[in-house]
Amino acid sequence: MRAGSPRENYLGVRGWVWAGRYDLERYLYTLHRITGLGLVLYLFMHLTVMAIVRGILGEGAYEDVIDFFEHSVFKVGEYVVFAAFIYHGLNGLRLIFQELGFLLGKPKPPIYPFRDSLRRRRPLALGMMGFVVVMAAFVLTDFAKGGP
Amino acid sequence: MRDTYLWLLQLVTGSLIIVFLAVHMVMMHLDNIVGFFGGHIDEPSFWSSMIDRATKGWWLTFYISFLALVLYHALYGLRGIVLEVTPSGRTERVVTGMIWAVGLGAFALGVYAPVHLFTR
Amino acid sequence: MDTVMQIRFKVQRYNPENGAAPRMDEFVVPAPRGMTVLDGLFYIRDNLDSTLAVRSSCRMAICGSCAMLINNFPHLACHTQIAELKAGTIEVRPLPNFPIIKDLVVDLTPLFEKHKAVKPYLIRSDVEEMEDPTAEFLQTPEELDAYLQFSYCIKCGLCLAACPTVATDTPFLGPQALAQCYRYCGDSRDDGAKERFPTVDREHGLWGCHFAGACSEACPKGLDPALAIQLLKRLRVSRALGLGRKRRPTPVASPPTTRQPKLPVPEFTVEVGANPPEK
């Protein structure tokens, strides 16, 4: 009989980020999760500031807060949030199609060396990433010019 | 059955948010594009432009529906992540309840300010 | 003459009886060309440390017993040549996301329980035919192609080791069970989708999959469970929305309506009793 009990061996939250030498698509998932959580965090800060300052404290406090957020640190933060939205949105669009079974290709009898549907659709993922980079660069030019 | 609809709504709100948030971002940050479309807004973060927007029914509707979409999408995603790390069973109901509470609270908070300005 | 490389194996050891934490033991194994990681582990057990616990059976990548984490990627040990890893040091750990029984042996009960939960067998309404089959079910080659790829599962558990959701979510069904659910729901002979949906249509079922695709990457049989799961999502959504043609399960083959003419039996060329055997 076994004397000791089996030892738990779950990777836990670390398993979301890195569990081994996996390919690109797994990290697209990780980045989607990170940008999602970042955007949620920003959302709650934004809602709180806007609702309390605008609705409750009124114009004077509002102007002060807006001026406070003009500092370049916050501008960089705003750009990061914008970039996170661009990635999350475009990857999300890809996920909408692929999780409904479109843009994935048909089941094929497996013949070695195997190429699963995600690897066969690697060009789509790369195209999406390229589009993200282009959009992020375009927005960066606007922010760098001193934006509003 | 319900879970399928909740998930589908996540996709629907996601696609709508891409449009709504793009409009919001363009308005807030990218004056060049607004200018390209022939419109012109004074510095959108000024109090005066904000009041201007809050009093136009169009913008008010836009912001309130935008808030609803974003809160649903964000909280459904957050709920999924929290359910993955909490043990199952009773905690699932507790988590869902808390998410609902946060959502309704945030919606009320977010709607109060523009409605208050609109009816002032 | 092939050079025999001296390969360093670092193997995770864990003995529940002495309660100590897992540790890594190092061994040096002479590895001629073509030697697999499983061969290396056998060499260790035969010559260096006979207390090493390893699970294996067929050593040809069809039983799924020897699944383990080799150099940070889940592999079948019998199917992984040492040379293919292109490393002088090979780290062997037990399969993640399963409880460890001893050394490299993990408890695969969660895998089997989740697999059973999705009712992995044909379900049809004509129960008498299922119990007492009279003929085969009809199926066209196109209908076969729709699910054939997903029928090659050897239940090794590598996909559950790879999945990021399984890493934290204990009740999550996992890519194997979900892909097998589609293997049956997508089979034209099956009519049991409605019965399986309550099990999979939950946050800890279908909607816990976020399409990271690591399961398809790890699968040693090229099954592509990620594709199966997304196709199952499509099936579930189309049924929930009432879209798409609801196909009936394929019928039993009917008995042939024309009979082949009976072929004439040739005349015997040897007379019975003509040449009795010699006494």
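How many residues of domain 1 of chain C are in contact with residues of domain 2 of chain C? In this predicted model, local features require pLDDT of at least 70 and side-chain atom pairs count only at pLDDT 80 or more, whereas totals for chains, interfaces and linings use all residues. Residues are numbered from 1 along each chain as its sequence is written, and chains are lettered from A and ligands numbered from 1 in the order in which they are written.

Chain C is divided into domain 1 (5-106) and domain 2 (109-241), with bounds from an automatic or database domain assignment. Their C-alpha centres lie 30 Å apart. Contact (C-beta atoms, placed from the backbone, within 7 Å) joins 13 residues of domain 1 of chain C to 13 residues of domain 2 of chain C. On the domain 1 side, strand 3 (67-70) and strand 4 (73-76) of chain C are the elements giving two or more residues; strands (E, at least two residues) and helices (H or I, at least four) are DSSP runs numbered from the N terminus. This side comprises 10 nonpolar, three polar and no charged residues, where Ala, Val, Leu, Ile, Met, Phe, Trp, Tyr, Cys and Pro count as nonpolar, Asp, Glu, Lys and Arg as charged, and the others, Gly among them, as polar.

The axes of helix 7 (residues 174-185) and helix 10 (residues 225-241) of chain C come within 8 Å and cross at roughly 60 degrees. Residues of helix 7 of chain C, including C:Leu178 and C:Tyr182, meet residues of helix 10 of chain C, among them C:Ile229 and C:Leu232. The residues of this contact divide into 13 nonpolar, one polar and one charged.

Definitions and conventions. Axes fitted to C-alpha atoms, helices over the stretch in contact; angles between N-to-C directions. Contact = placed C-beta atoms within 7 Å.
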